[in-house]
Amino acid sequence: MDQILDAINGGASGDDIAALPIPESYRAAHTLRSEQEMFADVPSNEKDPRTSIHVGEVPTPELAPDEVFVAVMASAINFNTVWSSIYEPVSTFGALDRLARQSEWSKRHAQDFHALGSDASGVVVKVGSAVRAWKPGDRVVVHCNYVDDQDPAAHDDAMMASNQLIWGYETNYGGLADLAVVRANQLMPKPAHLSWEEAACNALVNSTSYRMLLSPNTYQIKQGEAVLIWGASGGLGGYAVQYCLNGGAVPVAVVSSPEKADLLRQMGVEHVIDRKANGYKFWADENTQDPKEWRRLGGDIRDMIGRDVDVVFEHPGRQTFGASVYVAKRGGAIVTCAATSGYMLEFDNRHLWMRLKRIIGSHFANYHEAWQANQLICDGKVQPILSAVHSLENTGEAAWQMHQNLHEGKIGVLCLATEEGQGIDDPEFREQVGVDKITLFRRAGV
Ligand code: NAP
């Protein structure tokens, strides 16, 4: 990879980059099939990504006609990196094996290693014979929707494709590596005013939040609507807050510390709830919820904004879902994309049907939605929420931090980039957007 990195840093032309040999193996953060049972008897919160994520050489696969090799300058930790590395709710090697049954090319994915990572920024170094829109030398970010365009269902909303997968989670050769194998229809332009690590941290969570709050496929927030945002300084929440503020909606932001509350206020959020300080206990014991506590949260929201919220931005799942259904206004909505604290959800259906509420499922974003979300980053209208940066060698520790909820915003990972701050192509626009705004989470971060 040294030759490729030298060429990129030396400003070599796309043709010169394309002429360089692709190495037979490359450095990647990966899990091992032989270890997928390693945490069988370990409680969930003690399963440690530092022991299951390895960083070392993996063999480079052949490039399919519709794919490109990206020299990865930076990547980011997502919660799916945590799920892969603790083998919950299932081992991702099962997904690789199922993918391998789809076609001759997809057989490459079933390996004894899983190269992880669903975000990347970098440079295209080689394109397959069927790639038209991108060329070697292009500076890109990668979104993680992996869709077969021969499935008719993919042509209205690609998230409806029957074989839709998440790259670097349900496919191999992901972004936490020096090289990544990416379908051409996952590429988007890199925001020129951001460093590699600032550019790499957005696509997965930013696109997901965009679809949850702005897409006709789910819920479109309107000016003045109030949105309860769980985990408002986390990955998804940090973008959801910005979409509310940009669109004239009213975020009611839930966090779990005074530091996080302060960060939200610096973003311009007026209504912040510290769930830890307020001590909500929505579950009296493992099997019994306490509706009094739902009502207490609802009362706190009314005290703050004078009414109920129009929509709840849900992802914690089992711990909060009953409360979320309760606090949404009559006729309101709960948009959910995850269940970090458990996916067997319980809520009182009377609050849903008699008050005419809706639960809306959402998952990542189609290419158009991801592109629109990336454009807002490129235009400086939405800011990266990078709080910490690790080396690729330290991926396990970075995933551990996320697993233990020790982070804010996004955790970046340097791959080929040798230090933070590289890759800024438009410093003037960076100044215009405001370095303070771009680095707000970094300065507040762990
Ligand atoms: P994150 O950066 O860890 O942020 C989640 C936030 O949720 C945390 O900062 C925490 O904030 C809050 N939280 C955690 N446990 C909670 C609980 N029991 N009750 C209330 N709040 C809780 O993670 P993320 O990247 O935003 O992802 C969140 C979830 O969404 C993960 O399960 C992830 O796999 C999923 N996800 C799904 C998609 C999709 O396409 N379907 C896309 C992205 C992420 P406080 O402690 O400050 O309250």
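Mentor: Happy to! Let us begin with a term: contact means heavy atoms within 4.5 Å. Helices (H or I, at least four residues) and strands (E, at least two) are DSSP runs, numbered from the N terminus. This is a predicted model, where local features need pLDDT of at least 70, side-chain atom pairs count only at pLDDT 80 or more, and totals for chains, interfaces and linings use all residues. Residues are numbered from 1 along each chain as its sequence is written, and side-chain values use heavy atoms, with hydrogens and water left out.

Trainee: Which residues in α7 meet α14?

Mentor: On the α14 side, look for Glu369, Ala370, Gln372, Ala373, Asn374, Leu376 and Ile377. The contact residues divide into five nonpolar, four polar and two charged (Ala, Val, Leu, Ile, Met, Phe, Trp, Tyr, Cys and Pro count as nonpolar, Asp, Glu, Lys and Arg as charged, and the others, Gly among them, as polar). The partners in α7 are Asn206, Ser207, Tyr210 and Arg211.

Trainee: Is α7 roughly parallel or roughly perpendicular to α14?

Mentor: Axes are lines fitted to C-alpha atoms, for helices over the stretch in contact, and angles run from 0 to 180 degrees between N-to-C directions. Angles under 35 degrees count as roughly parallel, over 145 as roughly antiparallel, 65 to 115 as roughly perpendicular and the rest as oblique. Helix α7 (residues 203-214) packs with helix α14 (residues 367-378) at about 110 degrees, their axes 9 Å apart. So α7 and α14 are roughly perpendicular.

Trainee: What is the angle at which α7 and α8 pack?

Mentor: Helix α8 covers residues 235-246, and its axis is 8 Å from that of α7. Their arrangement counts as oblique. The angle is about 50 degrees.

Trainee: How many nonpolar residues are in the contact of α7 with α8?

Mentor: Val205, Leu213 and Leu214 are among the α7 residues there, and Leu236, Tyr239 and Cys244 are among those in α8. Four of the contact residues are polar and no charged ones take part. The nonpolar count is nine.

Trainee: Which residues in α15 does α4 meet?

Mentor: Helix α4 (residues 79-86) and helix α15 (residues 395-403) cross at roughly 105 degrees, with axes that come within 9 Å. That makes them roughly perpendicular. Phe79, Val82 and Ile86 in α4 meet Ala399, Met402 and His403.

Trainee: Is the peptide bond from glutamate 88 to proline 89 cis or trans?

Mentor: Find proline 89 in the loop between α4 and α5 (93-100). Omega of this bond is near -10 degrees. The bond is cis.

Trainee: Which residues of domain 1 lose the most area to domain 2?

Mentor: Domain bounds come from an automatic or database domain assignment, which gives domain 1 (2-205 + 365-444) and domain 2 (219-361). The area buried between them is about 1500 Å², with 64% from carbon and sulfur atoms (buried area is the accessible area, 1.4 Å probe, that two parts lose on being put together, summed over both). Together, 30% of what the domain 1 side buries comes from Val205, Leu440 and Phe441.
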